[in-house]
Amino acid sequence: MATKFIFIALIVCVNAKLTIYLTDTPIERIGSRLYRKELLTNKYEAPKELAYDSSSRNLFFMYMDNYLQNSGRAFVNIVTKQTKKVNGIARNKATAVDLDTGEVYFGSDDGLYKYDALNNTAYNIGLYNMNIFKLVVRNNEMYLIDANDHRLYKIFNEGETAVRVSDMKTVMEFEVDNEKNIHLVTMCGVFCAVGSHEIVKNRDLNVVYHFFVEEDKTFGLTDNGIYEIDCLNGTATKVTDLNFFPSSLIFGDYGDIFYSLDNNIYRLKPISSYHVYNIYKKTRN
């Protein structure tokens, strides 16, 4: 006999109002939105560097592999929840999905790899002298951080040519938005290269752990919650607090959010409708 659970979320407000949400799955509240929380997999150790391919519905990630004694690569299908390790690459550090073509790329300490979905393997295609720490493919352009010098490079011809972008040093994290602005974190703070040229320092943030892009907006995850970043003005506006601190977080289709925490990978799916029961406590005058 199947057992059905009812999860109750209680929110107590200062005006003595008690709000109760009744759901058949765990929920997560981010800002003003409610999400159904779904565990996709907990079979891998310390997953991070999430990258989503909407065509195959596969969510790729890096994890610590005891057999390799280093980092490996795997994916989980968000529909079936089936997982599989990717062959052909060890010491994996970076992953990126080309949203226009669906092609998947990996970075390692011996260069750039491309994923062959038919054989479920990755093969080295170039940049053999680069130690790829972070990889981003957006707007038909590829960028990466070389861990040898922690500089940012733009890649041409699928790994044949690497050209340094700006003079920024000690680059630890970056993202490219849909306006081709490059958001960077260095030892000196948070910056934005407007149109890959003019460098603007953010006045509100000193560090960002992860950037993520949704349409025309760029967000940054910090110790103090999630901020929306204004590249041109060098400012950031707090969007919401988080009651968890993910090791990786990205957007998926239809408002979905994927994130990893400890040994778990979760999917947050927006709740479009729900019943809210408000209970008001009588207070003495």
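Is Arg91 buried, partly exposed or exposed? At 34% relative accessibility, Arg91 counts as partly exposed, a class lying between buried (under 20% relative accessible area) and exposed (over 50%), with a 1.4 Å probe and protein chains only. The model is predicted, so local features need pLDDT of at least 70 and side-chain atom pairs count only at pLDDT 80 or more, whereas totals for chains, interfaces and linings use all residues. Residues are numbered from 1 along each chain as its sequence is written, and side-chain values use heavy atoms, with hydrogens and water left out.

The whole structure contains 15 salt bridges, defined by a side-chain nitrogen of Lys or Arg within 4 Å of a carboxyl oxygen of Asp or Glu. In one of them, Arg91 meets Asp110 (3.9 Å, N to O). Arg91 is located in the loop between β8 and β9 (92-97) and Asp110 in the loop between β10 (104-108) and β11 (111-116), so this pair ties together parts 19 residues apart in sequence. Strands are DSSP runs (E, at least two residues), numbered from the N terminus. Asp110 is likewise partly exposed, at 23% relative accessibility.

A salt bridge also joins Asp256 and Arg267, with the closest N and O atoms 2.8 Å apart. Asp256 occupies the loop between β25 (248-251) and β26 (257-261), and Arg267 belongs to strand β27 (residues 264-270). Both are buried, Asp256 with a relative accessible area of 1% and Arg267 with 8%. Through shared partners, salt bridges unite Glu38, Lys81, Asp256, Arg267 and Lys269 in one network.

How values were computed: Helix = DSSP H or I, 4+ residues; strand = E, 2+ residues; numbered from the N terminus.
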